[in-house]
Amino acid sequence: MLIGLTGQIGAGKSTAAKILAQFGAAIVDADMIGRQVVEHSPTLLRKLVKRFGKGILSPTGRLNRKALAKIAFASPRSTRALNALVHPYLLRELYRQVKLHSKRRKAVIIDAALLLNWRLDREVDPTIVITAPLAIRIKRMSARGLSRAEVIARQKSQPTVAELRSRADFVISNSGTSAELRQKLTKLWRILQKSDC
Ligand code: ATP
């Protein structure tokens, strides 16, 4: 079973993915893959420097992710440029990991904020959408060092909650505690096991 897990910034996708991993699912984390491809592909790094300038590099010539994020998320245009450069590399690696895990595991979960943008909702069995109100997401992300403005800027390149809901097979509200989230996912997991999508 291939499961899509998506939602807006700070909704709790990765937290949900960690819980589902404890139930036995393999996780393919698009954020993590994005970070890895940028760090491990010299060709991609060269393309990023060409587009965003040497200011995205540390003094030792490695990628300064914070500096890149600051420049790339400053406007929708530069976010689109970043995505156009990174996503082909990211998606290639994502498909590779899905294929690899699918050979060995009964359930594989793709954790991706841009699942719908990549039309992966058409390739997964169920799509699970995690939701939480903007105010809660801002509070959660502020603990991670992101400002309100940064959260709002980043969510502009993501599907709206209405779009997410319209494509979801299951919507899990994560506005309560982590324990509540776990309870909801436990119930959902039972349903998925029975339906064996
Ligand atoms: P991103 O879009 O940045 O990848 P995400 O949707 O994967 O975010 P998480 O990383 O799972 O979201 O959660 C964002 C932050 O909120 C994390 O620090 C996480 O620990 C916290 N968090 C998630 N769910 C809850 C909850 N129910 N109660 C309290 N904190 C939570």
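Visitor: At 10% relative accessibility, does Trp189 count as buried or exposed?

Guide: A residue is buried under 20% relative accessible area, exposed over 50% and partly exposed in between (1.4 Å probe, protein chains only). Trp189 has a relative accessibility of 10%, and therefore it counts as buried. Please keep in mind that this is a predicted model, in which local features need pLDDT of at least 70 and side-chain atom pairs count only at pLDDT 80 or more, while totals for chains, interfaces and linings use all residues. Residues are numbered from 1 along each chain as its sequence is written, and side-chain values use heavy atoms, with hydrogens and water left out.

Visitor: How many aromatic pairs are counted here?

Guide: Rings of Phe, Tyr and Trp (its six-membered ring) pair if their centres lie within 6.5 Å; planes under 30 degrees apart are stacked, over 60 edge-to-face, and the rest tilted. The count by this rule is 1 aromatic pair. Its members are Phe23 and Trp189, whose ring centres are 5.9 Å apart and whose planes stand at 40 degrees, so the pair is tilted. Phe23 is partly exposed at 26% relative accessibility.

Visitor: How many helices and strands does the protein have?

Guide: Helices (H or I, at least four residues) and strands (E, at least two) are DSSP runs, numbered from the N terminus. The protein has 9 helices and 5 strands. Along the sequence they follow the pattern β-α-β-α-α-α-α-β-β-α-α-α-β-α. The radius of gyration (taken over C-alpha atoms) can be set against the globule rule, 2.2 Å times the number of residues to the power 0.38. The protein's value is 17 Å, close to the 16 Å that the rule gives for 197 residues, so the protein is as compact as a globular protein of that length. The C-alpha trace spans about 50 × 40 × 30 Å along its principal axes, and 45% of the 197 residues count as buried.

Visitor: How many salt bridges does the structure hold?

Guide: A salt bridge is a side-chain nitrogen of Lys or Arg within 4 Å of a carboxyl oxygen of Asp or Glu. The structure holds 3 salt bridges. One of them joins Glu39 to Arg65, with the closest N and O atoms 3.9 Å apart. This pair links distant parts of the chain, since Glu39 belongs to helix H2 (residues 30–40) and Arg65 to helix H4 (residues 65–72), 26 residues apart. Glu39 is partly exposed at 39% relative accessible area, and Arg65 is partly exposed at 40%.

Visitor: By about how much of a helix are Arg96 and Glu93 separated?

Guide: Arg96 and Glu93 are 3 residues apart in helix H5 (residues 76–104), so about one helical turn separates them. Their side chains meet in a salt bridge at 2.9 Å, N to O. Arg96 is partly exposed, with a relative accessible area of 46%.

Visitor: Which side chain meets that of Arg167 in a salt bridge?

Guide: The partner is Asp121, at 2.7 Å, N to O. Here too the pair links distant parts of the chain: Arg167 is in helix H8 (residues 161–167), and Asp121 is in the loop between strand E3 (108–111) and strand E4 (127–131), 46 residues apart. Asp121 is buried at 11% relative accessible area, whereas Arg167 is partly exposed at 37%.

Visitor: Over the ring of which residue does the charged end of Arg92 sit?

Guide: A charge sits over a ring if NZ of Lys or CZ of Arg is within 6 Å of the ring centre and within 35 degrees of the ring normal. The charged end of Arg92 sits over the ring of Tyr89, 5.3 Å from its centre.

Visitor: What is the phi of Arg119?

Guide: Most residues other than glycine have a negative phi. Arg119 is not a glycine, yet its phi is positive, about 60 degrees. Arg119 lies in the loop between E3 and E4 and is partly exposed, with a relative accessible area of 49%.

Visitor: With which residues is Gln8 in contact, leaving aside its neighbours within four places in sequence?

Guide: Contact means heavy atoms within 4.5 Å. With those neighbours left aside, the contacts of Gln8 include Lys13, Ile130, Arg137, Gln155 and Leu164. Gln8 is in the loop between strand E1 (2–6) and helix H1 (13–22), and it is buried at 11% relative accessible area.
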